[in-house]
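Notebook open, model loaded. I want to go through the pockets first, then the ligand, then the chain as a whole.

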Amino acid sequence: MRSSKRSISVPIILATITVILSVALLVGWILIILLSEDVGSELWLLVIGVVSLVFIMAVSVLFSVSLVREMNEVTRQTSFIDSVTHELKSPLASLRLCLETLDRSGLQQEQRRQLRQMMYDDVERLSIFIDDILTASRVAHEGGTHSIAQAGLADLVRDCVEVIERRHRLLAGSISWSAPEDVVLTTDVVALETVLKNLLDNAVKYSPTDDEPLYVRVNATVDESYVVLEVIDRGVGIPKKHLKQVFDRFFRVPVESVRTRHGSGLGLYVVQSLVRMLGGRVTAHSEGEGKGTRMEIRLDASKSTRITT
Ligand SMILES: Nc1ncnc2c1ncn2[C@@H]1O[C@H](COP(=O)(O)OP(=O)(O)OP(=O)(O)O)[C@@H](O)[C@H]1O
Ligand SMILES: [Mg+2]
């Protein structure tokens with residue numbers, strides 16, 4: 001990152017000097033014409049000077065804005081590569097260690113079972129991570145794929161809750177939920193499941209890890225125009241100033257409680273892209289650090305989600 005900043009600083013300085021010189025020349029030009037005795041006959045020169053000045057100022061503002069955007073993107077991509085490297089290396093290192101330990105003689109049956117379980121967990125983590133990267137890249141390039149199907153709302157919520165309970169080795173029923181049993185959605189079911197699983201994964205992941213009992217809840221409600229899905233937790237919360245940024249690609253809240261948990265900052269980017277594709281809106285709500293989080297998805301029934309009861 002430091003070398004890429006150094007490599008663009010020379011062209012930026014040269015471009016800035018060029019813009020300043022051009023502006024100074026044009027201002028000089030305009031002043032000379034204005035101060036000359038016969039402004040009337042040189043009016044066209046004055047117009048050219050003013051138009052060029054406005055043009056150069058507008059181009060330099062646009063150039064600066066796009067440069068800042070590019071630099072932010074480069075910074076995010078660098079931190080993404082760091083987290084990808086970490087997310088790939090740490091389960092691989094753990095797998096190697098487990099394999100080396102399994103090779104030792106004299107291990108008891110129970111120890112072998114635990115090592116195999118750890119290896120399954122690592123493989124699962126790797127495959128979820130790779131799926132996230134592929135989905136994020138697909139939604140970024142194609143805006144996602146649309147495959148419309150029908151699903152009962154309660155079944156969809158139940159399935160996602162069960163997947164996340166299994167993924168985090170929670171007892172069945174640890175995540176509470178409510179959804180009307182008689183509602184059928186006609187929508188991109190796979191996309192909606194990906195969205196809900198990502199939100200539930202975050203809710204569990206960012207909940208306290210100590211002895212406090214887990215509180216994660218999904219509420220699904222429906223009226224004639226909207227399906228509203230809420231995922232509520234009492235975890236680490238999100239500082240108010242970051243409530244919008246959490247949907248940016250690769251963004252993670254820069255606090256210790258987030259750094260100590262695995263993640264690449266892709267999940268909510270995928271969620272937002274898919275919810276938009278479904279014609280809906282996703283918003284994050286939190287009273288701040290340590291105060292829990294409520295994520296809300298509002299799907300508009302008049303767009304790609306049809307509700308039947
Ligand atoms: N329920 C939540 N409670 C607290 N913070 C959250 C919650 N959900 C998201 N965040 C914050 O938003 C950030 C972005 O979330 P996102 O799901 O995109 O990435 P991640 O969970 O860090 O990684 P992954 O790509 O594995 O999902 C998180 O890093 C975290 O700081
Ligand atoms: Mg996540």
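Entry 1: I started with the second largest pocket, which holds about 240 Å³ of space. This is a predicted model, so I am reading everything here as computed. Two elements, α7 and β6 (280-285), each give two or more residues to the lining of that pocket. Which element gives the most? It is β6, with six residues. I then wrote down who lines the second largest pocket: L243, K244 and F247, then Q272, V275 and R276, and finally G280, R281, V282, T283, A284 and H285. Sorted by class, I get five nonpolar, four polar and three charged residues in this lining.

**Entry 2: around the ligand.** Next I looked up the shell of ligand 1. There are 20 residues around ligand 1, and N202, Y206, R252, S264 and L268 come nearest. By class, I noted 10 nonpolar, seven polar and three charged residues in this shell. Which helices supply at least two residues each? They are α5 (189-205) and α7 (267-277). The largest share comes from α5, with three residues.

**Entry 3: polar contacts of the ligand.** On the backbone side, a polar atom of G265 is 3.1 Å from an oxygen atom of ligand 1. For L266, a backbone N or O atom lies 3.0 Å from a ligand oxygen. How much of ligand 1 does the protein cover? I get 97% of the 590 Å² of accessible area that the ligand has on its own.

**Entry 4: domains.** I zoomed out to the whole chain. It is divided into domain 1 (2-76), domain 2 (88-142) and domain 3 (149-308). I checked how far apart domain 1 and domain 2 lie, and their C-alpha centres are 55 Å apart.

Entry 5: R169 is not a glycine, yet it has a positive phi of about 50°. I found R169 in the loop between α4 (153-167) and β2 (175-178). F250 is not a glycine either, and its phi is positive at about 70°. Where is F250? It is in the loop between β5 (226-233) and α6 (256-259).

Conventions:
Residues numbered from 1 in each chain as written. Chains lettered and ligands numbered in written order. Predicted model: local features only at pLDDT ≥ 70, side-chain atom pairs only at ≥ 80, totals over all residues. Heavy atoms only, no water. Near = heavy atom within 4 Å. Polar contact = N/O pair within 3.5 Å; in protein donor to acceptor, adjacent residues only side chain to side chain. Areas by Shrake-Rupley, 256 points an atom, 1.4 Å probe, with all protein chains shown as cover. Helix = DSSP H or I, 4+ residues; strand = E, 2+ residues; numbered from the N terminus. Nonpolar A, V, L, I, M, F, W, Y, C, P; charged D, E, K, R; others polar. 1 Å grid on protein atoms, 1.4 Å probe; cavity = no way out; pocket = protein on both sides within 12 Å on 5 of 7 lines; lining within 4 Å. Points joined across faces, edges and corners; volume = space filled by probe spheres on them. Domains from an automatic or database assignment.
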